[in-house]
Amino acid sequence: MTKPSLPDLLHAAVSAVGGTERPGQVAMAEAVAEAIDDNTHRLIQAGTGTGKSLGYLVPALAHGERVVVATATLALQRQLVERDLPRTVDALHPQLRRRPQFAMLKGRSNYLCLHRLHEGAPQDEEEGLFDQFEAAAPTSKLGQDLLRLRDWADETETGDRDDLTPGVSDKAWSQISVSSRECLGATKCAYGAECFAEAARERAKLADVVVTNHALLAIDAIEGAPVLPQHEVLIVDEAHELVSRVTGVATGELTPGQVNRAVKRAAKLVDEKTADSLQTASESFERVMELALPGRLEEVPEDLGYALAALRDAARNVISAIGATRDKSVQDEDAVRKQALAAVEGVHAVAERILLGSEYDVVWYERHDRFGATLRVAPLSVSGLLREKLFEDRSVVLTSATLKLGGDFNGVAASLGLSAEGVEAEDAPVWKGLDVGSPFDYPKQGILYVAKHLATPGREGTRGDMMDELAELIEAAGGRTLGLFSSMRGAKAAAEELRGRLDNPILLQGEETLGELIKAFAADPKTCLFGTLSLWQGVDVPGPSCQLVIMDRIPFPRPDDPLMSARQKSVEQHGGNGFMAVAATHAALLMAQGAGRLVRASGDRGVVAVLDPRLATARYGSFLRATLPDFWYTTDRNQARRSLAAIDAAAQADGK
């Protein structure tokens with residue numbers, strides 16, 4: 001039997017999902033097929049509307065090897081598993097003569113734990129061991145969540161938190177879930193045969209396509225113990241998010257509350273002397289943390305060093321003691337022991353890591369009004385880890401709508417541990433980049449307006465001229481505005497000010513769930529939606545409800561961000577331009593994502609307005625503009641207003 005051609009397979013798949021074949025999608029599918037055949041690596045930028053999911057799924061399914069697809073967002077995981085994969089498998093079946101299996105796999109804490117549900121969570125000493133369902137008042141929000149979880153446990157087939165709608169609070173979920181460290185293991189657990197997490201793993205082992213998230217991919221790479229099944233092809237979608245997700249997984253933290261919980265969990269399992277030494281170390285650490293001021297610690301201060309050394313040594317003794325003792329008087333001893341070990345091991349690992357003082361780690365204090373001080377440690381860079389762990393023994397395709405920063409792939413490639421394109425270096429995997437463009441006609445569909453006449457934004461204080469500009473632009477657009485702010489404080493200040501000035505409803509992130517806010521924004525064209533980070537990337541509202549996207553300022557990292565400033569300094573020490581490599585690259589990525597909110601369909605029209613004159617006047621402005629979609633560019637404020645008014649009038653004439 002002749003092998004079906006890739007164009008025929010792609011055509012069948014696109015028809016099945018009711019889409020339209022795009023030249024960019026065809027080029028992408030061919031590049032993915034070539035990478036899989038040659039066992040090489042690709043970075044592929046595929047603009048909004050390309051249909052990139054099918055652009056990688058079709059060649060991957062046609063090849064027949066096991067594929068892992070890792071995405072950053074829950075929305076895309078759901079789209080793949082619930083829509084794209086079922087339809088694509090059905091469409092390709094007649095030509096492939098086989099029906100590839102697919103499965104979703106997440107970290108263990110995303111699945112309901114039947115042991116926790118039935119036996120109760122081991123609680124801290126003064127709370128005693130109790131049934132959390134009985135203890136939580138049924139009228140409280142927590143009590144209602146727990147009762148709903150108990151009912152849901154009887155009907156769910158997956159136990160996956162994301163299948164529970166509406167969702168529950170993190171506090172409620174923590175009562176019926178466990179981390180991988182706390183898990184008893186399927187063979188030791190009375191509910192092992194019915195375990196949802198184990199069932200998900202078994203499904204993944206049998207699947208041809210495993211859909212997972214960046215965090216689990218990072219755990220698989222960092223911890224050395226394989227979590228994902230063996231696979232020949234890795235596709236990383238939303239790849240612009242990968243470095244920050246891997247950094248998050250590789251970041252450790254210590255708080256007095258966390259240490260205190262570890263002490264209480266261990267106390268019932270070890271002798272008094274061993275427990276007391278951990279208690280004393282915990283109190284010393286708490287005293288140091290009470291005086292902690294936010295910022296980077298270039299060196300560990302003496303008092304913190306003593307406290308961490310005491311914590312590390314006491315935790316090590318507790319770990320040994322827990323392993324050597326059994327106490328049948330403790331109810332559900334194995335679960336209590338596992339939870340205590342997990343808590344103490346976590347404290348020991350972070351304390352030891354900070355004391356080692358690796359030049360490749362950054363250590364800093366954070367302070368929160370409600371939760372007090374946190375001590376954090378994160379890798380200065382994850383590029384070496386990714387180069388070593390990501391690209392070995394498999395073909396890797398990384399794709400996103402934003403991988404070219406300043407006009408090329410090299411910035412993103414460097415963050416992944418890759419050399420510049422076309423440059424061969426020892427130990428660096430060879431890769432090719434491909435920009436398949438976008439089906440949208442950006443110069444005709446959108447305008448990039450930079451408010452060059454405004455004052456340069458300072459670190460503090462209100463920007464009266466910016467508020468005036470903001471109000472005038474929204475009035476010209478008739479609402480229809482997504483306001484992207486670099487800080488929550490900026491978003492709140494703008495919402496408060498403009499609610500007093502304009503008749504348009506202004507929704508503010510945090511006042512309702514993100515899903516509800518986006519739904520309300522899409523439903524009423526006169527409405528505006530203001531917010532910060534998650535709106536820069538998480539809003540997909542095609543049509544007339546979003547015809548003006550405003551960015552209040554270039555979203556550089558805060559100058560006092562310890563990790564970003566440490567990374568910038570490191571680049572400079574190695575002879576590079578730290579500002580361009582770290583701060584400008586961070587801003588370019590966010591701005592490209594933010595500008596991408598405007599044109600989501602072929603009929604969309606609108607303006608991206610940047611209220612920061614530096615985009616037009618600063619030397620780095622051209623680098624940032626080269627990262628944005630190729631909109632028609634202007635600094636003429638009257639032109640921007642006239643265009644918005646015309647777009648608004650056209651939408652109203654269409655009854656929208």
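## Basis of the model

In this predicted model, local features require a pLDDT of at least 70 and side-chain atom pairs a pLDDT of 80 or more, whereas totals for chains, interfaces and linings use all residues. Residues are numbered from 1 along each chain as its sequence is written, and side-chain values use heavy atoms, with hydrogens and water left out.

## Packing of helices α2 and α3

Helix α2 covers residues 23–38 and helix α3 covers residues 52–63. Helices (H or I, at least four residues) and strands (E, at least two) are DSSP runs, numbered from the N terminus. The two helices pack at an angle of about 35°, and their axes lie 8 Å apart. Here an axis is a line fitted to C-alpha atoms, for helices over the stretch in contact, and angles run from 0 to 180 degrees between N-to-C directions. The crossing of α2 and α3 is right-handed, a term used when the near helix is turned clockwise from the far one by less than a right angle.

Contact means heavy atoms within 4.5 Å. On the α2 side, the residues involved are Gln25, Met28, Ala29, Val32, Ala33, Ile36 and Asp37. They meet Lys52, Leu54, Gly55, Tyr56, Pro59, Ala60 and His63 in α3. By class, this contact has 9 nonpolar, 3 polar and 2 charged residues. Ala, Val, Leu, Ile, Met, Phe, Trp, Tyr, Cys and Pro count as nonpolar, Asp, Glu, Lys and Arg as charged, and the others, Gly among them, as polar.

## The buried side of helix α9

Helix α9 spans residues 196–206, and its buried residues are Phe196, Ala197, Glu198, Ala200 and Ala204. Buried means under 20% relative accessible area, exposed over 50%, and partly exposed in between (1.4 Å probe, protein chains only). These buried residues pack against β3 (102–104), α5 (114–119), α7 and β4 (209–213).

## Thr156 and its polar contacts

Thr156 is found in the loop between α7 (141–155) and α8 (170–174). This threonine counts as buried because its relative accessibility is 13%. A polar atom of the Thr156 side chain lies 3.2 Å from the backbone nitrogen of Thr158. The side chain of Thr156 also reaches the backbone nitrogen of Gly159, at 2.9 Å.

## Salt bridges

The whole structure contains 36 salt bridges, each defined as a side-chain nitrogen of Lys or Arg within 4 Å of a carboxyl oxygen of Asp or Glu. One of them joins Lys106 and Asp160 (2.8 Å, N to O). Lys106 is in the loop between β3 and α5 and Asp160 in the loop between α7 and α8, so that pair links distant parts of the chain, 54 residues apart. Lys106 is buried at 5% relative accessibility, and Asp160 is buried with a relative accessible area of 5%. Lys106 also meets Asp162 in a salt bridge (2.6 Å, N to O). Asp162 lies in the loop between α7 and α8, so its pairing with Lys106 ties together parts that are 56 residues apart in sequence. At 23% relative accessibility, Asp162 counts as partly exposed.

Elsewhere, Glu469, Glu472, Arg637 and Arg641 are linked in a network of salt bridges.

Definitions and conventions:
A polar contact is a pair of N or O atoms within 3.5 Å; within protein, one must be able to donate a hydrogen and the other to accept it, and residues adjacent in sequence count only if both atoms are side-chain atoms.
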